[in-house]
Amino acid sequence: IAALPPLLARAVELRDRAAAVEQIVHKRLASVLEVQDRVLALKLKLADLLASVRAVEAARTQELLEVESAPLWRAFGHGRSPLPAAWLRALDLNARACGRYLAAEPGRIAAQLLLLAVLIAAGLAVTRSRRAVLPPPTPAGRAVEVVSAHPVASSVLLGLVATPLLHPSAPTAFTLAVFVAGLPPFFRVVGALAPDWRRPLRWLAALFAVESLVAIVVDVAPAGRVVLLGVELLGLLGCWVGLRRGGWLRVHGEGRWRAAIAAAGVGAAVVLAISAVTNVLGNVTLSELLAAATLGSACGTAVVATGVAVFAGACRAALHLPWTRSFRIVREQEQPIVTRGARIFRSIAIVAWVYQTLRAFRATQGFGDFAREALAVRLKVGAIDVTLGDVFAFAVTLWLAVWLSRALKFVLDEALLPSLDITRGKAAAISTTAKYAVIALGFSFATLAAGMEMTRFTVLAGTLGVGIGFGLQNVVNNFVCGLILLYEQPVQVGDLIEIGQLSGEVKRIGVRSSTVRTFQGADVIVPNSNFISAEVVNWTRSDRNRRVDISIGVAYGAEPRRVQDLLLETARACPAVATVPDAVALFTKFGDSALQFELRFWTPVDDWVNTASGVRAAINQALVGAGIAIPFPQLDLWVRSAPPSAPKGSAVQSIGRIEPPTLPRR
């Protein structure tokens, strides 16, 4: 009974705490519900805004198919040219739009300026090194020379190429201002890289600038339409001049690039012709769109092509700096690094150019809708039910995994593993294992990205088991043998081997087959099971030295000790002959017509053939100088006369008689 009051007090205290916690929970729940209401309201507002944007886009698209003005030959009777005040008002509106964008996106502007500063600093650093300049006979050397001669212009050009990626939603006036700011460095670089294109590109830039200024003004009729028509006709004239035999659109590029440039010129001419016709008929909106998109896309193509060339030259110049040449991967893999880097930059630039071109033609929404509809198409065959989007996601993810695995193997083989104190076989095992591990991981991610269930692979594994039991024994055998070669390492990459009638250097050890490059220059694909089941002669497993045996015969009467001394002196005088173990000269036997000796010495296996040839020549010279003859096999002919009693023409009489050769009659 005495313990009841404390228990009651404790119960009351717990009740009060529970009530307080309940109030807190109710408050937080109310706040969460309030936030959810706000989020829902924002979602509804965003949905309304998106619907309004789509309605505006649909209206603008509908306007492209409507004739909103009178034909050009009647426009001067129905309107008048815009006054200078209208032009000034339009310019003022666009300037304010640029100001609002600059104020709303300070981070993007700072990133652009920082990128320009870093590129300019890097360009100046490369230029200060005289060793960074390559000879200019090749196109790559020409690009390096241009980058070294104009570092600031090249850096600014590379920075401006990234503008579409940094400012995807910038207003038209901002894009035009960036374009005008990039003209001086662009023409300086183009004039050095391709002087033949300097004049056509200036003409193209002038047309694009005039068209952009006309498009800024809302009221373009009728004088603006005349200016726009002049731009379109001049564009057509330029395309016609460029597409002629020997024109500026046909003098550059090789193979498919030349054909692509010519096709692009034809397409631009067709679009400009349509734009001119619609302008004359009164569909000014469509005419402006086609002209602006065509000229903008052409300018973007020129900028992208020049930027890719400058990037390749900058990469090659940077790889020839003194501190970069200290890396082994740079010294031995310069061309692959430049090629792959330029390929990546080219891909990014092309993607940006395609996006900007679609945006200029107002086709981003339509292209996006088409892509979504295409990727949503279902492929149903039996139990397989996938969409094209799943297949696309699987393919892209797997491609990225394969690309990353190759890049990782390249870095491991050329940069990281050679600097470590490990054998060639272990290095190859590490890099190969890493490569296939990344591929396996990427395959798993690709499967998940495609929306496939992992449990379905149990059926696939059972099917593969049946297939292995019937027809894939050799494949599995070679795969297991490849794992043995990779981890047991009886044969390593770089070994000189002989297997059957095949001899050469091991260039690659894969999971199914290996590549052996013969001394004649052929690459032979050898199944891995051959290395395990057959006898393999490995000349470089323990070390890279080989013993060379040279047999020599001298004439009878020569002093054997003197001959041995001459052979040893000759071998030791060759710098390629190893001193440990030392050369040995042996008196092997008494031959039929000579005293037989054998010289044995060790030399690196990589060039043992040339070393043996040089030692043989030196031995011959030493023996001739010492007056020691090298005999050659001789045959004595004994002529036996037949007795007089032998019948004429018999076999006995014919012995010893030499018939003169029968000469052909003339």
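Modeller: Helices (H or I, at least four residues) and strands (E, at least two) are DSSP runs, numbered from the N terminus. This is a predicted model, where local features need pLDDT of at least 70 and side-chain atom pairs count only at pLDDT 80 or more, while totals for chains, interfaces and linings use all residues. Residues are numbered from 1 along each chain as its sequence is written, and side-chain values use heavy atoms, with hydrogens and water left out.

Colleague: OK, which helices each supply at least two residues of the lining of the largest cavity?

Modeller: They are H17 and helix H19, which spans 473–488; a cavity is a set of points on a 1 Å grid over the protein atoms alone where a 1.4 Å probe fits but cannot get out, and lining residues have an atom within 4 Å of a point. H17 gives the largest share of that lining, with three residues.

Colleague: How many cavities are there of 30 Å³ or more, and what volume does the largest cavity have?

Modeller: The count by this rule is one cavity of 30 Å³ or more, and the volume of the largest cavity is about 60 Å³, where volume is the space filled by probe spheres set on the points, which are joined across faces, edges and corners.

Colleague: And which residues line the largest cavity?

Modeller: Gly425, Ala428 and Ala429 are among them, and so are Leu485, Leu486, Gln489, Val491, Gln492, Val493 and Ile509. By class, this lining has seven nonpolar residues, three polar ones and no charged ones (Ala, Val, Leu, Ile, Met, Phe, Trp, Tyr, Cys and Pro count as nonpolar, Asp, Glu, Lys and Arg as charged, the others, Gly among them, as polar).

Colleague: Back to H17, then: at what angle do H16 and H17 pack?

Modeller: Helix H16 (residues 388–416) packs against helix H17 (residues 424–449) at an angle of about 165°, and their axes are 8 Å apart. That makes H16 roughly antiparallel to H17 (over 145 degrees; under 35 is roughly parallel, 65 to 115 roughly perpendicular, the rest oblique). Their contact has 16 nonpolar, six polar and three charged residues.

Colleague: Changing topic, how do H10 and H12 cross?

Modeller: The axes of helix H10 (residues 223–243) and helix H12 (residues 284–318) come within 11 Å and cross at roughly 40°, which makes H10 oblique to H12. In H10, Arg225, Leu228, Val231 and Glu232 meet Val284, Ser287, Glu288, Ala291 and Leu295 of H12, where contact means heavy atoms within 4.5 Å. Five residues of this contact are nonpolar, one is polar and three are charged.

Colleague: What about H6 and H12, at what angle do they cross?

Modeller: The axes of helix H6 (residues 151–161) and H12 cross at roughly 125° and come within 10 Å, which makes H6 oblique to H12. From H6, Ser154, Leu157, Leu158 and Val161 meet Val303, Thr306, Gly307, Val310 and Phe311 in H12, and this contact divides into six nonpolar, three polar and no charged residues.

Colleague: Last topic, the backbone: which residues does a cis peptide bond join?

Modeller: The cis bond joins valine 580 and proline 581, with omega about -5°, and proline 581 is found in the loop between helix H21 (560–573) and strand E9 (584–590).

Colleague: And where is arginine 362 found?

Modeller: Arginine 362 is in the loop between helix H14 (334–360) and helix H15 (364–375), and its phi is near 55°, a positive value in a residue other than glycine.

Notes: Axes fitted to C-alpha atoms, helices over the stretch in contact; angles between N-to-C directions. 1 Å grid on protein atoms, 1.4 Å probe; cavity = no way out; pocket = protein on both sides within 12 Å on 5 of 7 lines; lining within 4 Å.
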